[in-house]
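This report examines side-chain contacts in a protein structure. Please keep the sequence and the three-dimensional view at hand while reading.

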Amino acid sequence: MGEIGARAFAAARAMVGVAFRPQGRDPVTGLDCVGLVWAAYAAAGCRLVRPVGYPLRGWSRERIEAALTAAGFVAAVGSAHAGDVALIAYPAGQFHLVILGSASFVHAHAGLRRVVETPLDRPICGLAWWRLEQCPPRCN
(Lines give C-alpha, C1' and ligand atoms only; values in the text may rest on other atoms or scores of the structure.)
Protein backbone atom coordinates (compact mmCIF):
# COMPACT_ATOMS: atom_id res chain seq x y z
CA MET A 1 0.00 0.00 0.00
CA GLY A 2 1.25 3.47 -0.80
CA GLU A 3 2.33 5.79 1.96
CA ILE A 4 0.09 8.63 0.74
CA GLY A 5 -2.93 6.35 0.51
CA ALA A 6 -2.32 4.85 3.93
CA ARG A 7 -2.08 8.34 5.47
CA ALA A 8 -5.26 9.43 3.65
CA PHE A 9 -7.16 6.37 4.88
CA ALA A 10 -5.98 7.00 8.46
CA ALA A 11 -7.10 10.62 8.14
CA ALA A 12 -10.50 9.52 6.82
CA ARG A 13 -10.89 7.13 9.76
CA ALA A 14 -10.15 10.03 12.11
CA MET A 15 -13.12 11.86 10.54
CA VAL A 16 -15.63 9.12 11.40
CA GLY A 17 -18.52 10.85 13.18
CA VAL A 18 -18.15 14.17 11.33
CA ALA A 19 -21.53 15.49 10.20
CA PHE A 20 -22.72 14.97 6.64
CA ARG A 21 -23.35 18.21 4.78
CA PRO A 22 -24.09 18.52 1.05
CA GLN A 23 -21.18 20.33 -0.65
CA GLY A 24 -19.35 20.07 2.69
CA ARG A 25 -15.63 20.74 2.46
CA ASP A 26 -14.54 21.16 6.07
CA PRO A 27 -14.58 18.50 8.82
CA VAL A 28 -15.53 21.22 11.31
CA THR A 29 -18.78 22.11 9.51
CA GLY A 30 -19.51 18.83 7.67
CA LEU A 31 -18.50 16.79 4.65
CA ASP A 32 -20.04 15.07 1.67
CA CYS A 33 -18.31 12.18 -0.13
CA VAL A 34 -16.20 14.46 -2.33
CA GLY A 35 -15.31 16.70 0.61
CA LEU A 36 -14.25 13.66 2.65
CA VAL A 37 -11.83 12.45 -0.03
CA TRP A 38 -10.31 15.90 -0.49
CA ALA A 39 -10.11 16.56 3.28
CA ALA A 40 -8.49 13.17 3.93
CA TYR A 41 -5.82 13.75 1.31
CA ALA A 42 -5.24 17.30 2.58
CA ALA A 43 -4.76 15.92 6.10
CA ALA A 44 -2.29 13.41 4.59
CA GLY A 45 -0.29 16.35 3.23
CA CYS A 46 -1.57 16.52 -0.33
CA ARG A 47 -3.82 19.36 -1.40
CA LEU A 48 -5.67 18.33 -4.55
CA VAL A 49 -7.37 20.34 -7.25
CA ARG A 50 -11.00 20.28 -6.15
CA PRO A 51 -13.96 20.05 -8.51
CA VAL A 52 -16.24 23.06 -8.28
CA GLY A 53 -19.97 23.28 -8.66
CA TYR A 54 -20.60 19.56 -8.60
CA PRO A 55 -24.19 18.46 -7.96
CA LEU A 56 -25.17 15.59 -5.71
CA ARG A 57 -26.85 14.03 -8.72
CA GLY A 58 -26.48 14.49 -12.43
CA TRP A 59 -22.77 14.32 -13.21
CA SER A 60 -21.89 11.57 -15.64
CA ARG A 61 -19.35 8.88 -14.81
CA GLU A 62 -17.03 10.44 -17.38
CA ARG A 63 -17.20 13.86 -15.72
CA ILE A 64 -16.47 12.38 -12.28
CA GLU A 65 -13.55 10.39 -13.65
CA ALA A 66 -12.23 13.54 -15.37
CA ALA A 67 -12.36 15.38 -12.01
CA LEU A 68 -10.43 12.55 -10.32
CA THR A 69 -7.84 12.64 -13.12
CA ALA A 70 -7.53 16.44 -12.84
CA ALA A 71 -6.84 15.99 -9.11
CA GLY A 72 -3.97 13.61 -9.86
CA PHE A 73 -5.62 10.20 -9.42
CA VAL A 74 -5.07 7.40 -11.92
CA ALA A 75 -7.31 4.43 -12.61
CA ALA A 76 -6.02 1.55 -10.50
CA VAL A 77 -5.40 -1.89 -11.95
CA GLY A 78 -5.25 -5.07 -9.92
CA SER A 79 -6.11 -5.26 -6.26
CA ALA A 80 -7.20 -2.22 -4.28
CA HIS A 81 -4.87 -0.55 -1.77
CA ALA A 82 -5.56 1.52 1.32
CA GLY A 83 -6.39 5.06 0.28
CA ASP A 84 -7.78 4.10 -3.12
CA VAL A 85 -10.98 5.94 -3.97
CA ALA A 86 -13.80 3.75 -5.23
CA LEU A 87 -16.52 5.13 -7.48
CA ILE A 88 -19.88 3.50 -6.77
CA ALA A 89 -23.02 3.89 -8.89
CA TYR A 90 -26.45 4.07 -7.33
CA PRO A 91 -29.80 4.03 -9.13
CA ALA A 92 -31.09 7.24 -10.69
CA GLY A 93 -27.67 8.36 -11.88
CA GLN A 94 -26.17 9.09 -8.49
CA PHE A 95 -22.51 8.31 -7.85
CA HIS A 96 -20.66 8.04 -4.55
CA LEU A 97 -16.98 8.11 -3.57
CA VAL A 98 -15.52 6.04 -0.73
CA ILE A 99 -11.97 5.68 0.61
CA LEU A 100 -10.86 2.06 0.78
CA GLY A 101 -8.86 0.42 3.52
CA SER A 102 -7.68 -3.18 3.73
CA ALA A 103 -10.71 -4.41 5.68
CA SER A 104 -13.13 -1.45 5.57
CA PHE A 105 -14.05 1.73 3.76
CA VAL A 106 -14.88 5.22 4.99
CA HIS A 107 -17.54 7.42 3.42
CA ALA A 108 -19.90 10.30 4.08
CA HIS A 109 -23.26 8.58 4.52
CA ALA A 110 -26.15 10.88 3.59
CA GLY A 111 -28.77 8.62 5.20
CA LEU A 112 -26.95 8.40 8.53
CA ARG A 113 -25.96 12.08 8.25
CA ARG A 114 -22.34 11.45 9.21
CA VAL A 115 -19.02 9.95 8.10
CA VAL A 116 -18.94 6.22 8.84
CA GLU A 117 -16.59 3.26 8.51
CA THR A 118 -18.09 0.12 6.98
CA PRO A 119 -16.49 -3.35 6.98
CA LEU A 120 -15.47 -4.81 3.64
CA ASP A 121 -17.13 -8.13 4.41
CA ARG A 122 -17.99 -8.65 0.74
CA PRO A 123 -16.63 -7.21 -2.50
CA ILE A 124 -17.47 -3.55 -2.95
CA CYS A 125 -19.65 -2.96 -5.98
CA GLY A 126 -17.55 -0.15 -7.31
CA LEU A 127 -17.33 0.76 -10.96
CA ALA A 128 -13.64 1.50 -10.65
CA TRP A 129 -11.10 2.62 -8.13
CA TRP A 130 -8.58 5.38 -8.37
CA ARG A 131 -5.15 5.77 -6.80
CA LEU A 132 -2.92 8.70 -6.01
CA GLU A 133 0.64 7.36 -6.32
CA GLN A 134 2.22 10.68 -5.39
CA CYS A 135 1.07 14.21 -4.79
CA PRO A 136 1.05 16.11 -8.07
CA PRO A 137 3.90 18.69 -8.13
CA ARG A 138 1.48 21.54 -7.54
CA CYS A 139 0.34 19.87 -4.28
CA ASN A 140 3.63 19.26 -2.46
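Predicted model: local features only at pLDDT ≥ 70, side-chain atom pairs only at ≥ 80, totals over all residues.

## Aromatic pairs

The structure contains 2 aromatic pairs. In one of them, W38 and F73 are tilted, with 6.4 Å from centre to centre and 55° between the planes. W38 belongs to helix 2 (residues 33-43), while F73 sits in the loop between helix 3 (61-71) and strand 3 (74-75), so this pair ties together parts that are 35 residues apart in sequence. W38 has a relative accessibility of 7% and therefore counts as buried; F73, at 2%, is also buried.

Y41 and F73 make an edge-to-face pair, at 5.3 Å centre to centre and with 90° between the planes. This pair, too, links distant parts of the chain: Y41 lies in helix 2 and F73 in the loop between helix 3 and strand 3, 32 residues apart. Both Y41 and F73 are buried. Through these ring pairs, W38, Y41 and F73 are linked into a cluster.

## The buried side of helix 3

Which residues of helix 3 are buried? They are I64, E65, A67, L68 and A71. These residues cover an arc of only 155° around the axis, and therefore lie on the same side of helix 3. After helix 3 comes G72, which has a positive phi near 110°.

## Salt bridges

The model holds 4 salt bridges, of which some are described here. One of them joins the side chains of R61 and E65, with 2.8 Å from N to O. R61 and E65 are 4 residues apart in helix 3, so about one helical turn separates them. R61 is partly exposed, with a relative accessible area of 30%, whereas E65 is buried, with a value of 17%. The cut-off for buried is under 20%.

Another salt bridge connects the side chains of R131 and D84 at 2.7 Å, N to O. R131 is in strand 8 (residues 126-131) and D84 in the loop between strand 3 and strand 4 (85-90), so the pair ties together parts that are 47 residues apart in sequence. Both R131 and D84 are buried.

## A link between helix 1 and strand 7

R13 and E117 also meet in a salt bridge through their side chains, at 3.0 Å from N to O. The pair links distant parts of the chain, with R13 in helix 1 (residues 3-14) and E117 in strand 7 (residues 114-119), 104 residues apart. R13 is partly exposed at a relative accessible area of 44%, and E117 is partly exposed at 29%.

How values were computed:
Residues numbered from 1 in each chain as written. Heavy atoms only, no water. Phe/Tyr/Trp six-rings, centres within 6.5 Å; stacked < 30°, edge-to-face > 60°. Helix = DSSP H or I, 4+ residues; strand = E, 2+ residues; numbered from the N terminus. Buried < 20%, exposed > 50% of the residue type's maximum accessible area, 1.4 Å probe, protein only. Arc of directions from axis to C-beta.
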